[in-house]
Amino acid sequence: MGVVGMGTDGRAADLVIENVTALVHGGDGTIDFLPGARIVVRDGVIESVAAAGDSPVPEGVEVIDGRGQVAMPGLINCHTHAPMVMFRGAAEDVSTVDWFNKRIWPMEVNLTADDVELAARLACAEMIAGGVTTFADHYFMMDRVATAVDDTGLRANLGWTYFSSEGPAGFERGLEYALAYRGTAGGRITTSLAPHGVYTVDDADLERTAAAGIEHDLLVHIHAAEHREETRASRARRGLTPIGVLGKTGLLEGRTLIAHAKGTVPEDVPLLQAAQGRVGVGSAPKGYLKVGEDTTPIRLLLAAGVAVGLATDGAASNNTLDVWESMTMTALVQKFVERDELWMSAKQTLGLATLGSAAALGLAGQIGSLAPGHQADVILVDLTGPHTQPVHDLASTLVFSARSADISTTIVAGKVLMRDRKLLTVDVAELSTRLAPRLAALTDTAHGRTIQQYDAV
């Protein structure tokens with residue numbers, strides 16, 4: 001009888017999760033579950049996932065008993081603006097134009113670097129509590145967001161937003177940031193170029209961004225085809241759909257993450273098919289429902305070979321950073337819009353939440369699966385509550401019955417960030433106390449200034 005977790009170098013594992021039901025993927029990406037599993041983690045990476053035997057665990061190795069729980073790959077938030085938690089609920093029941101022009105962009109003028117870092121820490125706490133282990137962020141003062149990510153232990157892809165109205169300085173700052181910060185936080189931070197959108201960044205800047213992304217192997221994270229009205233307006237003004245603009249400016253030649261893509265139309269499909277393997281989409285259905293808009297045409301995108309992942313957008317529009325909520329809504333909304341009760345099954349939805357989201361961020365093979373060699377980003381979901389019992393179909397129980405509050409444990413790179421619902425790397429009460437005195441100044445719009453003008457429709 002061997003000793004579990006002993007490497008060939010004689011060193012013991014860092015972490016062993018015992019007696020858990022593990023969500024695993026088949027060779028074709030299909031979802032399956034392995035009961036009574038043991039997950040061994042060494043140096044922040046999954047070493048093995050297998051049916052537990054009777055091999056003892058060496059003394060000194062951290063052991064988590066996963067009895068009654070499901071181990072899943074950590075959730076991935078494919079598009080958000082984490083520091084916007086500071087504006088949660090501050091721009092409700094207004095039109096999209098007024099949301100930007102009268103509320104959000106005038107309020108963002110008030111931001112200080114300290115505000116951004118405080119809010120980013122609060123956002124990280126919310127995501128850890130909701131089982132998110134990786135997020136793709138698109139915002140300002142991203143050096144301070146990187147500090148929050150480093151300190152809280154999360155994994156993130158970070159891009160510094162820029163507009164053409166800033167002149168060359170915006171692009172140059174974003175590129176400098178992306179090159180300086182990628183690989184930081186012990187490798188947990190990757191970076192992207194983050195032009196705001198095809199309606200706020202001109203063709204010359206988009207072309208410059210595309211070239212830099214290819215030259216430096218950087219992801220480009222951009223809002224495009226955010227809704228059908230944007231697509232109609234783009235056709236009228238530029239003779240191209242927003243996806244067509246991405247193609248014309250070279251952004252589909254490199255690695256690109258498109259936020260929302262709700263306005264994608266059939267004529268975009270050939271462009272997307274030619275870019276498959278390089279382009280992903282982050283879909284955040286709750287925010288779309290709030291404003292009565294169409295949702296991401298996931299069936300169309302998947303048929304075109306585009307990776308689609310789950311997202312929340314910022315809490316100023318979505319109100320939460322709860323990717324589990326996005327997962328449940330994705331299944332329900334997709335069934336509704338496609339008028340097909342067999343589409344977006346629970347297992348298909350779990351596929352989007354895991355392998356799909358990893359591929360959308362360009363991190364396939366690194367995260368999104370409990371498989372040897374993948375990063376040890378793991379969450380444990382407690383299914384002992386009355387709302388999850390009895391379990392007839394485990395996938396359906398996870399997608400339609402369980403909630404993010406059922407997540408007991410969140411682990412990133414083998415480090416436990418939340419245990420038994422207790423956050424270990426963030427003090428939420430302290431953050432809230434520090435942020436509260438700033439709220440009145442942050443939400444003031446009487447100054448009459450704005451960071452940008454919204455005219456995408």
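Visitor: Which residues in H12 meet Leu398, Val399 and Phe400 in H14?

Guide: This is a predicted model, in which local features need pLDDT of at least 70 and side-chain atom pairs count only at pLDDT 80 or more, whereas totals for chains, interfaces and linings use all residues. Residues are numbered from 1 along each chain as its sequence is written, and side-chain values use heavy atoms, with hydrogens and water left out. Taking contact as heavy atoms within 4.5 Å, the residues in H12 that meet Leu398, Val399 and Phe400 in H14 are Trp324, Met327, Thr328, Ala331, Leu332 and Lys335.

Visitor: How many residues of the contact of H12 with H14 are nonpolar?

Guide: Ala, Val, Leu, Ile, Met, Phe, Trp, Tyr, Cys and Pro count as nonpolar, Asp, Glu, Lys and Arg as charged, and the others, Gly among them, as polar. On that scheme the contact of H12 with H14 has one polar residue and one charged residue, and the number of nonpolar ones is seven.

Visitor: Is H12 roughly parallel or roughly perpendicular to H14?

Guide: Helices here are DSSP runs of H or I with at least four residues, strands are runs of E with at least two, and both are numbered from the N terminus. Axes are lines fitted to C-alpha atoms, for helices over the stretch in contact, and angles run from 0 to 180 degrees between N-to-C directions; helix H12 (residues 323–338) and H14 pack at about 100°, with axes 8 Å apart. Angles under 35 degrees count as roughly parallel, over 145 as roughly antiparallel, 65 to 115 as roughly perpendicular and the rest as oblique, so H12 is, relative to H14, roughly perpendicular.

Visitor: At what angle do helix H4 (residues 168–181) and helix H5 (residues 203–216) pack?

Guide: The residues of H4 that take part are Phe171, Leu175 and Leu179, and they meet Arg208, Thr209, Ala212 and His216 in H5. By class, this contact of H4 with H5 has four nonpolar, two polar and one charged residues. The axes of H4 and H5 lie 11 Å apart, and the packing angle is about 15°.

Visitor: How many charged residues does the contact of H2 with H3 have?

Guide: Helix H2 (residues 113–129) and helix H3 (residues 142–152) pack at an angle of about 35°, with axes 8 Å apart. Among the residues that meet are Asp114, Glu117 and Arg121 in H2, together with Arg144 and Asp151 in H3. The contact of H2 with H3 also has seven nonpolar and two polar residues, and the count of charged ones is five.

Visitor: How far apart are the C-alpha atoms of Ile46 and Ala376?

Guide: Ile46 is found in strand S3 (residues 45–51), and at 1% relative accessibility Ile46 counts as buried (under 20% relative accessible area, against exposed over 50% and partly exposed in between, with a 1.4 Å probe and protein chains only). Not counting residues up to four places away in sequence, Ile46 touches a set of residues including Ile39, Val40, Pro372 and Ala376. Although Ile46 and Ala376 are 330 residues apart along the chain, their C-alpha atoms are separated by 5.0 Å.

Visitor: What is the relative accessible area of Val416?

Guide: The place of Val416 is in strand S16. Leaving aside neighbours within four places in sequence, Val416 is in contact with Glu62, Ile64, Thr409, Thr410, Ile411 and Leu424. Val416 counts as buried, because its relative accessible area is 9%.

Visitor: Is Ala261 buried or exposed?

Guide: Ala261 has a positive phi of about 55° although it is not a glycine. Its place is in the loop between strand S11 (256–260) and helix H8 (269–274). Because the relative accessibility of Ala261 is 0%, this residue counts as buried.
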